[in-house]
Every structure is written in C-alpha cells, then in structure tokens.
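Open the structure in your viewer and keep the selection tool at hand. The tour goes stop by stop, each with something to select.

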Amino acid sequence: MVDLTIIQKYYSRISSSPSSETPHYIPYLNVFLAFLSVYLVYRIIFPPTSPNGQVLNAQQQAKQKPQPVVYTKFTPTTLQPFNGIVEERVLMAVKGKVYDVSAGRSFYGPGGPYSNFAGRDASRGLAKGSFDEEMLTPIDEPMDALGDLNADETQALNDWEQHFAGKYLLCGELVEQL
C-alpha cells in the first residue's frame, strides 16, 4: 500500500515554502509525470494486440498499418485465396463487385458465420438468405448470372450490396476471365 503521508509532507513543504524558492513549473511537471505513469501502467496492463488477440511487438505493429489497395479485376480462381487463410485479406464478391471485408473478419473470416463466402461470389447465398455451400458456384464453372432470382431475392441482394458498399472498401470487380 502507498504511504500517503510522505506525499502529503512533500506537498505541504512545497506549498509552505516561499514561491520565490519553488520554480513555477514544478506542479506542471508533477502532472506530466503522473499522466506518463498512468499511460505506462496502462500499456503494461493492456499491450497492443492484433485482431486475433496476440500481443504485438514494435515490428509487428508497423506491419499492421493498412497497405494501399489497388482496384483489381478478379476471376473466381484469383479471388479464392483471399479467404483469410491462404491470404490475410478477406475479400468477397457481391453482384460482380469485390469488397475487402477484412474489417469484418469475425463475420467473414475463418470461423465466422459467413466464412464460406470469403474469397467467393456470395451473391446467390445472400439473395436467398442461405449460407450453405450449395449456394456457391463451383470455381471451375461459369459465373452465376442470377437470372432465376425472384423479386424478393433480388431486393434482398440489392440491400446486401448497399450494405457492403456503405461499410466496406470496394477493391475490384469479379469477371469471367482476365
């Protein structure tokens, strides 16, 4: 436990001495040192962490800075590695637009409820409200034209597209061939 009497004696000695003997910056220095101490204790108790909860050193913290994103054309095959496992970034396509959903890694990354859409075209599954693997077009087949969707499914897909456009970075488009 901290002995407060020492601190009280120190402050009473400072306040009782003539102001000409005590430099005017001492109280400000004390406040600065107190804030610095609180900050250092905070950083010891709560060190910087990565999204998966691992403690980062300075070199790892530098790598956490976002990389510049270049608008790219993807095919289903070139999009597939961006599932959060093979590549760190998590990308997914909705209506031919590719979004970087890495910020929502807990939803779209490995282990998330929408993880089967990572690195894939999620349009049919989002339109039908199904997260089953059968909603995904196989990588080696032509892209899904979505021509058989009814009006409600089309509206649901448009709502999802607006959601992604408002929340995530558009980083490319999904095309049949490069």
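A salt bridge here is a side-chain nitrogen of Lys or Arg within 4 Å of a carboxyl oxygen of Asp or Glu. Keep in mind that this is a predicted model.

**Stop 1: a network of salt bridges**

Select Lys95, Lys97 and Glu161. Salt bridges link Lys95, Lys97 and Glu161 in a network. By the 4 Å rule, the count comes to 6 salt bridges. In general, side chains of opposite charge can pair when their charged atoms come close.

Stay on Lys95. Its place is the loop between strand E2 (91-94) and strand E3 (97-100). Now check the backbone. Phi of Lys95 is near 50 degrees, a positive value in a residue other than glycine. Most residues other than glycine have a negative phi. Is Lys95 buried, partly exposed or exposed? Lys95 counts as partly exposed, because its relative accessibility is 35%.

**Stop 2: Arg124 and its partners**

The side chains of Arg124 and Asp144 form a salt bridge, 2.5 Å from N to O. Arg124 is in helix H6 and Asp144 in the loop between H6 and H7, so this pair links distant parts of the chain, 20 residues apart.

Arg124 also forms a salt bridge with Asp148. The closest N and O atoms of that pair are 2.6 Å apart. Arg124 lies in helix H6 and Asp148 in the loop between H6 and H7, so the pair ties together parts that are 24 residues apart in sequence.

Colour by accessibility here. Arg124 counts as buried, because its relative accessibility is 14%. Asp148 has 53% relative accessibility, so Asp148 counts as exposed.

**Stop 3: from H6 to H7**

Select Lys128 and Glu153. Lys128 and Glu153 form a salt bridge, with the closest N and O atoms 3.0 Å apart. Lys128 lies in helix H6 and Glu153 in helix H7, so the pair ties together parts that are 25 residues apart in sequence. How accessible is Lys128? At 35% relative accessibility, Lys128 counts as partly exposed. Glu153 is at 15%, so Glu153 counts as buried.

Next, select Leu146. Leu146 is found in the loop between H6 and helix H7 (151-167). Phi of Leu146 is near 60 degrees, a positive value in a residue other than glycine. Leu146 counts as buried, because its relative accessibility is 16%.

**Stop 4: the cavity**

Now go inside. How many cavities of 30 Å³ or more does a search of the whole structure find? The search finds 1. The volume of the largest cavity is about 150 Å³.

Select Pro76, Asp121, Thr137, Asp144 and Leu174. Of the 17 residues lining the largest cavity, these lie nearest its centre. Asp144 is the partner of Arg124 in the 2.5 Å salt bridge from Stop 2. Helix H4 (76-79) and helix H6 (123-128) are the elements that give two or more residues to the lining. By class, the lining has 10 nonpolar, 2 polar and 5 charged residues.

**Stop 5: a nonpolar patch**

Finish on the surface. Select Leu29, Phe32, Leu33, Leu36, Tyr39, Leu40, Val41, Tyr42, Ile44, Ile45 and Phe46. Together they form a nonpolar patch with about 1,100 Å² of accessible area. Zoom in on Leu33, which lies in helix H2 (residues 26-45). Leu33 counts as partly exposed, because its relative accessibility is 40%.

Notes: Residues numbered from 1 in each chain as written. Predicted model: local features only at pLDDT ≥ 70, side-chain atom pairs only at ≥ 80, totals over all residues. Heavy atoms only, no water. 1 Å grid on protein atoms, 1.4 Å probe; cavity = no way out; pocket = protein on both sides within 12 Å on 5 of 7 lines; lining within 4 Å. Points joined across faces, edges and corners; volume = space filled by probe spheres on them. Helix = DSSP H or I, 4+ residues; strand = E, 2+ residues; numbered from the N terminus. Nonpolar A, V, L, I, M, F, W, Y, C, P; charged D, E, K, R; others polar. Patch = residues over 30% accessible without salt bridge, like charges linked within 9 Å, V, L, I, M, F, W, Y side chains within 5 Å. Areas by Shrake-Rupley, 256 points an atom, 1.4 Å probe, with all protein chains shown as cover. Buried < 20%, exposed > 50% of the residue type's maximum accessible area, 1.4 Å probe, protein only.
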